[in-house]
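Student: Could you help me learn how to read a structure like this one? I would like to start with how chains meet.

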Protein chains: 4
Amino acid sequence: MDKVRVGVIGIGYWGPHLLRNLVSLPTVQVVAVADRMDQRLQEVKNSYPQITVTKDYHDFFEMGVQAVAIATPPATHFPIAKDCLEHGVHVMVEKPLALNSADAELLVDIAEQRGLTLMVGHTYEYNPAVRKIKEIIDSGELGKIHYINSTRVNLGLFQNSLNVMWDLAPHDISILLYLLGEEPVTVTAEGNASVFEGLHDIAHIHMKFPNNTLAHIHVSWLSPIKTRQMVIVGSEKMLVYDDVALTDKIRIFDKGVEPLPGNELYDVRCNYRYGDTTTPHFDWVEPLRVECEHYIESIVNGTRPHSDGASGLRVVQVLESADRSLYGSEERLQRMLMADPMRLKSDGARARFP
Amino acid sequence: MDKVRVGVIGIGYWGPHLLRNLVSLPTVQVVAVADRMDQRLQEVKNSYPQITVTKDYHDFFEMGVQAVAIATPPATHFPIAKDCLEHGVHVMVEKPLALNSADAELLVDIAEQRGLTLMVGHTYEYNPAVRKIKEIIDSGELGKIHYINSTRVNLGLFQNSLNVMWDLAPHDISILLYLLGEEPVTVTAEGNASVFEGLHDIAHIHMKFPNNTLAHIHVSWLSPIKTRQMVIVGSEKMLVYDDVALTDKIRIFDKGVEPLPGNELYDVRCNYRYGDTTTPHFDWVEPLRVECEHYIESIVNGTRPHSDGASGLRVVQVLESADRSLYGSEERLQRMLMADPMRLKSDGARARFP
Amino acid sequence: MDKVRVGVIGIGYWGPHLLRNLVSLPTVQVVAVADRMDQRLQEVKNSYPQITVTKDYHDFFEMGVQAVAIATPPATHFPIAKDCLEHGVHVMVEKPLALNSADAELLVDIAEQRGLTLMVGHTYEYNPAVRKIKEIIDSGELGKIHYINSTRVNLGLFQNSLNVMWDLAPHDISILLYLLGEEPVTVTAEGNASVFEGLHDIAHIHMKFPNNTLAHIHVSWLSPIKTRQMVIVGSEKMLVYDDVALTDKIRIFDKGVEPLPGNELYDVRCNYRYGDTTTPHFDWVEPLRVECEHYIESIVNGTRPHSDGASGLRVVQVLESADRSLYGSEERLQRMLMADPMRLKSDGARARFP
Amino acid sequence: MDKVRVGVIGIGYWGPHLLRNLVSLPTVQVVAVADRMDQRLQEVKNSYPQITVTKDYHDFFEMGVQAVAIATPPATHFPIAKDCLEHGVHVMVEKPLALNSADAELLVDIAEQRGLTLMVGHTYEYNPAVRKIKEIIDSGELGKIHYINSTRVNLGLFQNSLNVMWDLAPHDISILLYLLGEEPVTVTAEGNASVFEGLHDIAHIHMKFPNNTLAHIHVSWLSPIKTRQMVIVGSEKMLVYDDVALTDKIRIFDKGVEPLPGNELYDVRCNYRYGDTTTPHFDWVEPLRVECEHYIESIVNGTRPHSDGASGLRVVQVLESADRSLYGSEERLQRMLMADPMRLKSDGARARFP
C-alpha cells in the first residue's frame, strides 16, 4: 500500500506532537510542514531534513499532499480547514472545530459533499483511560449516573480572542458527550473576567442531561495547581479519573448511600455503604498516536472517524449555549466583535496566514 | 472568679466535641447535658459522673445554668435558642443559626434586648489556618482577590429537611464573608437532587462580590473523596487552603500572569511569573477550643463574639438567596412544606424535644 | 459484674489517651491517676473530678486498685511494673517492656508466679489495619513474603537515655513478629548519632527471617516528613500499609515479576505482571480502645493477652541484638553507662518517681 | 563551525532518548545508528530517513563518525567503549562505566593517552533539580549535612548478570558524590535475592562520609510504587527531593531540633524549631539535553566533562565495595562467574555484538 502523503499546518505547541506521531507511522509519509515562524521550521529541518518546510500551506496543494493535520490558533481553524477541503484534501483539525456552529456546519457539509474525511482532534476520545471509563459505565457497574464533575484548571495559556471555555472545555464536553452518549437539555455558565476586561479566564458550566443527570465543568487559566479530574457519581459506585496522576488514573469506589427506613427527626442518617476501592489496570498507548492512526485508517478505508465533524459541531453548539448564558446581551456583542475580525474575514485568511 | 455554669443540649455527632472542650476549660463548670437518647446520656455519665444528664433541657433552668451550647438538628436551633434566650440564658448554637432569616433576626433581637450573648458555631472563624489566611489577605500579599473556589464534598450525612447547601455551605459562606469582609452582590445556585426527590445533595453556589470578585462553592453529599479545599486567586499570588491535609494546610504560590505587550494574533501568550511556593508555619490549636474559650470570655466580659447573631444572620441570608436561585417557585414551595413542620410549630417544640 | 478498679501512672503524652479510653469503658472504674507534675494532675481534675490524683502511685495500693496502666518514661517501666506486680496488681505497660531482656524476663516470671496479667502496649497489634494485613497474609493472597520494608520517621521526640531504635522500632518489630509469626535469624543495624554524641537518632535495622525473608526497618527522629509506611513484597502480590493516610491505609497491588524463558544477553527482561490495585475496606475502631478492652477482658477472664510479657520480651531481645550490631564495644559501654543509672538502681526507683 | 559527526550504539530503552536529543542539536549531525535488532533500526529509518542504520557499529569507523553515544547493556560498556576509544572516537557511555574498577581505569587511561573525551551518562548531574540542590547545600543554608537517605525503587527491569545495585544505585552514588564533594570512608550493604537465586533484587547501601555524615541508599526492583526520593537532613534545615513529583520536586523545611538545657529525667524533650516550608522555583530543561550539549561542548572545546571517566570510576569503586559487603566469599564467587562471561571475553565482544 502506498503511504498517505500528509502535511502538518502549525507547529507551535501541539503541532510537534502531531508531527512526531505522524512521522513514526509506517503508513504515512510526512511530506511538508507549514508554519509562519522561521525558527520553528528550522527546528523541523534539523530533526527531519527529509521534510519540506514552508511558510505558506498553499504550497502543499502542488506537492500531492492528500491529508493535513491543522494545529493553528483556533480562529484560523475554520478558514484553513475550509480551504483544504475545497482543495480536495482530508482534514484533521484541532478543537474547537470552529468558533460558531454555522461555520462548523459548513465544514461538515463540504466534507460530506466532497467525500472527504473531516476529523476533530478530540484527543481524549482516543485516550485508553477514557475508553476504559466508557466501558465501565456501559457495563452498568456504576449504576445510573447522577452527576459528573470535571475540573480542568492550571495557570494557563491565555488566548486573546477566546474565553477559557472555548480553550479548555472542548475536552470536557467531548468526553461528557462520549461517556453519556446523549446531548444536554440545558446549558448554563458562570464565570469571571479577572485579568483582561471582557475575557473570561474562569468559568463554570452546568449541563443538565435527560433523566436527571447533572454535569459540571470548571475551567480556569488562573489556578496555582494543575488539575484534570473527573468525578463520576453513580447510583451503585463512584469513579474518579485523575488525568494528571502518574498511576491510579482511574479509581472505582464501591460506595453508596441509601436512606434508612423510619428516619427519626433528631437523628436522621442514611446508610452508607463502604466497600473496596479498585484501580483497574489498562494498557497505555499515547492517545495522539491512536488518534493519528485512526485518521489515516479513516482515509484509507473511507470510514467515518469517531470524532467526526458532527461530533465537533456538537461541542461547538454546547459552547455557544454556554456563551449565551455567560454573557449578557451587550457583553456578548463585545465579545463577538473582539473575536469577529478573523471569522468575518475568513475568505481573506490567506492574506494573513500561510 | 466563679466558673460559668454551662449546659450542653444535644450530644449526637458534634456535641461530644463541645462537651470535651467545655469540660476541660478551667473557667467552666459543665452542670448538665440534655439529649433525648438514653444511650448517649449513659455514655456521658460513664466518663463524667459529676455531670447531671436529662432528657429535657428545661431542667437546666432550675439548675442555675447560665449558658448553653446547642448541637441539636438544625430545624430545632431556632426554637431551642429562642427558649433559652427567653429564660435569660446565653446561647451558643451550631450553624445554621436558623432555617430562615426572619427566625434568625428574631433571635438577634431577643438577645439584644436581653443583653445576652448569642453566638453561632462558625468554627472556621476560630481556626488558626483561616485566621492565618485572613492575615495574609489583609497584608496585601495576594494582591486584589480575583476568585475564591471552595470545595466541601464527601460521602456525607444526608439530612431530611435540609438540602446540602444548608448543611455544608454555612462553613464556606462564613469563611468567605470573614475573609473578604464584605457581602455578595448576587448569589446564584445550581444543583441536583440525585438520591431523594426534592432534596438537593449536590450544589454549586456562585457569589459575586463588589469589585469583580467571584466566589464559587461546591458542596456535595455524594463524593467518593473527602475534600475541603479553598483556592484563592489574587492578582499577585495564589493560595491554596487544604483543610484535610495533615501538613501544608496553607500553600502560597508566587505565581501570576501578565499580558505581553504586542500580542500577535497567531501566537498569543501571556507572561507567566513563576516563583517559590511557601507553606507558612503557624501554631495549631483546636478551633473548637478557641471557640469555646471565646464564648465564655464574651459572656464574662459582656463583649460581642466574632461569630455573633448578626454574622449567623448574614450566612442564613446568603443561603436563602441560593435557595431562591436553586428552586423554581413550585419546587421551592415543596421544600418549604417538607421543612415546615418544625418551623411552623416552633412554639410547640418542647413537646417533641427535651 | 463489678467494675475493675484501674489506676493510670503517667499522663504525659500517651497517658491521657489511655485515660480517655479507660474512663469510657463500662467495665472499668478509673479510681486514681498518678503523675509527678501538678499541672497534669490539675487537668485531670478539671475533666474528671471523680478521679483521685496523686504524685505517688504507691497510694494506689491502699485504694483497692486492681490494675494499672503505665505510661511513664521507658527507663521506669521495669521498676514500676515490678513494684505493681509485687503488690498483686495487674499491669499493662507501654513499650518497651524493659531496657534489657534480663529485666523483661524477670517481669514475665513474677507475673507468671503471681497469676497476674502482664500486657505490653503494642498498640499496633490491636489496630484494625494491621489485623486486616495479618488476615491477608495468612490467606496466602500475597504468596511467599520476600521482603518487608518499614519506615517510621518524623522530626521526633528525642529521649536522653535511649536511642531511636528503642523509642520507635518496638512498633515495627512487634508488627513484624506478629505478621510473620516467626523470629528473625539475624539482626544487624546501622545508624548515626547526628545531634547528640552517642545518642543514635537515625537507624536502619535489617532482620533476616527463615526461608529467605528480609525485613528492613528505618527509624529516625530527624526527618522532615512524618512517615509510617510498610511495604510488603510477596511472590504473588504486594501490599502497602500507610498508617498516616486518611484513607487507603492498605493497598494491594496485583503485580509481580517472572523471568521469561530464553533470556537474551543484550535484552534481558522479565515479564511484569500488572493487574488491579485494591484498597480493601475494613471497619475502624480506635486501636487503643481495643487494647484497653482486651486488657480488662484478660483480667476478668484470666486469659493471656495477645501482647503478653513474652511478646514484650521478644521485642526487647531484637532491640538488644540491634544494639550489639549498631555499637562497637567501647561505644556500647558508653551508652550503657548513660542509660545505666535508672536500670542499675531500679530498686530505689521509688525515691525518684511517684 | 562544522557539525560533530555522531553515532549512537544501542537504541533499546534509553538510546531513543539520546537519539532524539542529539538529532535536535544544531551542532550535531547524527550520521549513523547501530543496533542488533532489525525492528529498532526500521523504526529509526521511519522517523529519520537521513540516518544510516547498521547492525555493526564498526561500520561507523569508515563513516567519519567522531563521537559515539553508547546505550547498550552494561556488560558491553567496557568492550565497546574501549574499541571506540582505540579507533580515536570520543565516547559517552551510559552508567555504569564498567563492571569493575580495573576495566574502568583502563578506559580512563586510554582516553587520557589519546586525548579523547570520555564521559559517563550520570544524567542526574545535569538535572536542574540536582544542580539547584547542590547550590543550596553549598550556600550553607542546610548547615552541616547529617544524613542523606536515597530511595530508588520500582517494579523494575531485572538484569541477568548484574544485581540491583549496579543497575540503579549508580544514579544515587553519583548524586551523593556530586552533592557532598567527597568520597565515603566505609561502604556496607545488605540485601536479598528474592526472585532469582544469587541475583540481588533488593539492597540497602550505607556510606559513611568524613565528618559524621551518613548516607543510605535503598534500591529495589520489587516495589509496587515507583519512588525516587532523597531526604537531606542538615543541622539547620532539611530538604526533600522527589524526582517523581510533577511539581514541588524540591522542598526545603526550616525545621530543626535543639536540646533544651537542664533536661529532666522523666520529661526529656528537645526544642523543635518549626518554620516555613519552601518549594524553590528553578527553570526546567531536560537533563539529557544538557548532558548531550555538554558532551559536544567538551569535544569541541577539548575540556573535561563534569561526569568524566574519573567520576565514572569512583562510582564503580563504591559499587565494588558494596558488593564485597553484600556477598560472602563463596557467594561472591558465584556472582563473579555469572557475570564473568562477558567481562572475561571482552576482546571477543565484537563477535557477539555489533
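Student: How many salt bridges does the rule find across the interface of chain B and chain A?

Tutor: A salt bridge is a side-chain nitrogen of Lys or Arg within 4 Å of a carboxyl oxygen of Asp or Glu. Across the interface of chain B and chain A, the rule finds zero. Keep in mind that this is a predicted model, where local features need pLDDT of at least 70, side-chain atom pairs count only at pLDDT 80 or more, and totals for chains, interfaces and linings use all residues. Side-chain values use heavy atoms, leaving out hydrogens and water.

Student: How much area do chain B and chain A bury between them?

Tutor: The size of an interface is often given as the accessible area lost when the parts come together. Buried area is counted with a 1.4 Å probe and summed over both parts. Here chain B and chain A bury about 5,300 Å², with 62% of it on carbon and sulfur atoms.

Student: How many residues are in contact?

Tutor: Contact means heavy atoms within 4.5 Å. By that rule, 58 residues of chain B are in contact with 58 residues of chain A.

Student: Now the sheet in chain C: in what order do the strands come?

Tutor: Strands are DSSP runs of E, at least two residues long, numbered from the N terminus, and two of them pair if DSSP finds at least two bridges between them. In chain C, six strands form an open, parallel sheet in the order β3-β2-β1-β4-β5-β6. β3 (52-54) and β6 (118-120) of chain C stand at the edges with a single partner strand each, so one side of each has no neighbour in the sheet.

Student: Which residue is the bridge partner of C:Ala69 in β5(C)?

Tutor: That is C:Met92. Four bridges join β4 (residues 67-70) and β5 (residues 90-93) of chain C.

Conventions:
Residues numbered from 1 in each chain as written. Chains lettered and ligands numbered in written order. Buried area = accessible area lost by both parts, 1.4 Å probe.
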